[in-house]
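Trainee: I am new to this structure and would like a close look at a single part, the place where the two chains meet. Could you take me through the charged pairs there and then through what surrounds them?

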Amino acid sequence: MGETDTNGARKVAAEARDRVRFEEEALALSDQVYRVARRLVSTREEAEDLVQETYARAFRSWRSFTPGTNLRAWLLRILTNLNIDRGRRKQRAPDEQPLEEGDYFLYNRLEQATRDGNVDEERVVERLSQDDIVGALSVVPHDFRDVVVLVDIGDFTYQDAAQILDIPIGTVMSRLHRGRRILKRELADRATGGS
Amino acid sequence: MAGYEIDPCVKCEEAMQPYLDRVLSDAERHEAEEHLATCSHCAKRYRFEESLRVFVRKCCDEQMPPELKQKLASLRTPL
């Protein structure tokens, strides 16, 4: 075998190794990717499709990932782009309803709804069910929900969320603020039977 | 500015989300903590918010179906 052939073979082997490592690292993150996907879309089937498409695309374009950077954020960026491309977000107009002033609002409402008014704050949350949480989150309009899901469920930083969604960090902060308020308004309605 | 003070509870309420997100400056965080140490009204609401966040995360911890995991593995480039 000539020297060029040997170099070529080495290069191919090295690339295969890098690719295998990339694929393994990406697969190890799939539970976390799925958890975020599940809350970005309405049904389990949609979430499964979206995650599959994401991995198919990620495995095809693995060379465009820069080793040492945040792979989970890179995967979520593919996923959110696919989600937008599929037109799943052309839904209702942005939430224009006035929001309750203040961040203590949900606690205050739950406290008022408790007869003796003297509640253990760590147990107030038990007045909410899993269905309340999932249902309330699903009605938060997409632009706001994307950010809330990435930060509060996906545990991404503001900076990561900004890169994933390709929006300025200030927009992440304002959407997060509004999204959390909308979520709490919905939770208050569910837990205390309408406003 | 003598005589002009923002209600410390209102200020503390505004600091809650950035506090829990850990994006306050040291000085801002210190100020919030000082208030929380003496104000049970705000301290209760901070604890509630923290447990709400944990609860939301727990409620959204849906396991990926095992079949999907297998499908993803099958998308890998064959060696």
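Mentor: In this predicted model, the side chains of A:E23 and B:R76 come together in a salt bridge, with 3.0 Å from N to O.

The salt bridge of B:E62 with A:R38 has its closest N and O atoms 3.2 Å apart. Here B:E62 comes from the loop between α3 (40–59) and α4 of chain B, and A:R38 from helix α2 of chain A, so the pair again joins two chains. With a relative accessible area of 27%, B:E62 is partly exposed, whereas A:R38, at 11%, is buried, because buried here means under 20% relative accessible area.

Taken as a whole, the interface of chain B and chain A holds ten salt bridges, and the count over all chains comes to 24. A pair that lies within chain B is B:D26 and B:R29, which form a salt bridge with their closest N and O atoms 3.1 Å apart. These two residues are three residues apart in helix α2 of chain B, residues 26–38, and so are separated by about one helical turn. B:D26 counts as exposed at 58% relative accessibility, while B:R29 counts as partly exposed at 35%.

The size of an interface is often given as the accessible area lost when the parts come together. For chain B and chain A, the area buried between them is about 4,000 Å², and 58% of it is on carbon and sulfur atoms. The contact draws 47 residues from chain A and 38 residues from chain B.

In soluble globular proteins, nonpolar side chains tend to be buried together. The largest nonpolar core in this model has 67 residues, and the members that touch the most others are A:V51, A:Y55, A:L75 and B:L52. Helix α4 of chain A, residues 71–85, gives this core its largest share, eight residues. Leaving aside residues up to four places away in sequence, A:V51 touches A:V33, A:Y34, A:A37 and A:L79, together with B:L68 and B:L72.

A search of the whole structure finds zero disulfides over all chains.

Chain A itself gives the setting for much of this. Its secondary structure consists of ten helices and zero strands, and 48% of its 195 residues count as buried. Among contacts in chain A with a separation of 6 or more, 72% are between residues 24 or more positions apart. The accessible surface of chain A is about 10,000 Å², with 46% of it belonging to carbon and sulfur atoms.

One helix of that chain, α9, residues 158–165, is mostly covered, with six of its eight residues buried. The buried residues are A:Y158, A:D160, A:A161, A:A162, A:I164 and A:L165, and they pack against α4, α8 (142–153) and α10 (169–192) of chain A. Just after this helix, A:D166 takes a positive phi of about 55°.

Technical notes. Residues numbered from 1 in each chain as written. Chains lettered and ligands numbered in written order. Predicted model: local features only at pLDDT ≥ 70, side-chain atom pairs only at ≥ 80, totals over all residues. Heavy atoms only, no water. Disulfide = S-S within 2.5 Å. Core = buried A, V, L, I, M, F, W, Y, C linked by side-chain atoms within 4.5 Å. Buried < 20%, exposed > 50% of the residue type's maximum accessible area, 1.4 Å probe, protein only. Helix = DSSP H or I, 4+ residues; strand = E, 2+ residues; numbered from the N terminus. Contact = heavy atoms within 4.5 Å. Areas by Shrake-Rupley, 256 points an atom, 1.4 Å probe, with all protein chains shown as cover. Buried area = accessible area lost by both parts, 1.4 Å probe. Salt bridge = Lys/Arg side-chain N within 4 Å of Asp/Glu carboxyl O.
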